[in-house]
Amino acid sequence: MTAADTATPQTLSAARRITGVALASASGVAVAVQSRINGELGVRLGDGFAAAVVSFGIGLVVLLVLVPATPNGRRGLVATRRALAVGTLRPWQCLGGMCGAFLVATQGLTIGTLGVAVFTVAVVAGQTGSSLAVDRAGIGPTGRQPVTRQRLAGAVLTVLAVGLAVGDRLEEPGALALALLPLLAGVGIAWQQAVNGRVRAAADSALTATLVNFAVGTLTLLVAFAIDIAVRGLPDGHLPNEPWLYLGGPIGIVFIAIAAAIVRFTGVLLLGLATIAGQIVGAVLLDVVLPTAASHPGLNTLLGAALTMVAVLVAALAPPANSRPR
């Protein structure tokens, strides 16, 4: 066997990981935009659960039209049903949408009070630690991923970077208490990405995995919204007229589909770190291009965004975690 023969698989693996990082970072920017949209929708409707139902519901309707209309989508539905029947895909692995529903609900419930910055740092803190645990447990399609020093360093740098970027927004005790919701949502994101990757592998279709995610998430949100109405009554807001406030669901489709497609190349931790980098960059761009009363990107924010990208590169350039010396 020649040197070229042994180098090719490693080169291909590195190329796939770098491509996955780029796609995940782009989807992270979309998540930042989605957070701004769903947060504003929650304020307009006067109810975060109502905003989440609208966002997820629109995404589900789009997928119910799109997936059956495509050959890959139809094959994916058949393959998913077959995998569930023979046991290669377990029912609990189809429940990632519950975590997505919780994330979207927290966007509508907390961003109006916390702002995107504090929301983001809370999600990041939960997602980073959870990603390490999920990879270590082998829940994702890549199997068990050891917690190497380089991967751990990337995770720690990410938390430090986000803390630097938004540290001046963490001074209010009330905000910190409310931030527990997005913290828990961040913990759920890592598990969601892992099990959605399992569904994608069974279906051989990222679109089908996304449909499963949105169907479970919408059902979860409808139950939560019904309980919310029973306890607090109907929301006192109204449906806004601006079309852009209804784009949260379609943006979620892009994010979930990309994550389900690339997690088998990146692992859960690297996928999460790259998504976080995109979220930070997206939040900075939003604050600069479309500022709100609460947005004030300063030097610390820009330095934090740059450090986040360094952290992702540290993890991305590490050797594959499941490789063994020969």
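Here is a short chat about the packing and helices of this predicted model.

Colleague: Hi! Which residues touch the most other members in the largest nonpolar core?

Modeller: Those are L63, F214 and L221, in a core of 22 residues. Keep in mind that the model is predicted.

Colleague: Which elements give two or more residues to this core?

Modeller: They are α1 (3-45), α2 (48-69), α4 (96-137), α8 (206-232) and α9 (248-289). The largest share comes from α2, with eight residues.

Colleague: Nice. What does L221 touch, leaving out residues up to four places away in sequence?

Modeller: On that count, L221 is in contact with A52, V53, F56, A101 and A105.

Colleague: And which residues does the second, separate core include?

Modeller: Among its 19 residues are A155, A190, L270 and A274.

Colleague: Switching to α8: how far does the helix reach from its first C-alpha to its last?

Modeller: The 27 residues of α8 reach 38 Å, close to the 39 Å expected at 1.5 Å a residue.

Colleague: One more, about S130. Where is its place, and is S130 buried or exposed?

Modeller: S130 sits in helix α4. Its relative accessible area is 11%, so S130 counts as buried, the cut-off being under 20%.

Colleague: Which residues does S130 touch, again not counting those up to four places away in sequence?

Modeller: S130 touches V187 and A190.

Note on methods:
Residues are numbered from 1 along each chain as its sequence is written. This is a predicted model: local features need pLDDT of at least 70, side-chain atom pairs count only at pLDDT 80 or more; totals for chains, interfaces and linings use all residues. Side-chain values use heavy atoms; hydrogens and water are left out. A nonpolar core is a set of buried Ala, Val, Leu, Ile, Met, Phe, Trp, Tyr and Cys residues joined through side-chain atoms within 4.5 Å. Buried means under 20% relative accessible area, exposed over 50%, partly exposed in between (1.4 Å probe, protein chains only). Helices (H or I, at least four residues) and strands (E, at least two) are DSSP runs, numbered from the N terminus. Contact means heavy atoms within 4.5 Å. The expected span of a helix is 1.5 Å times one less than its number of residues.
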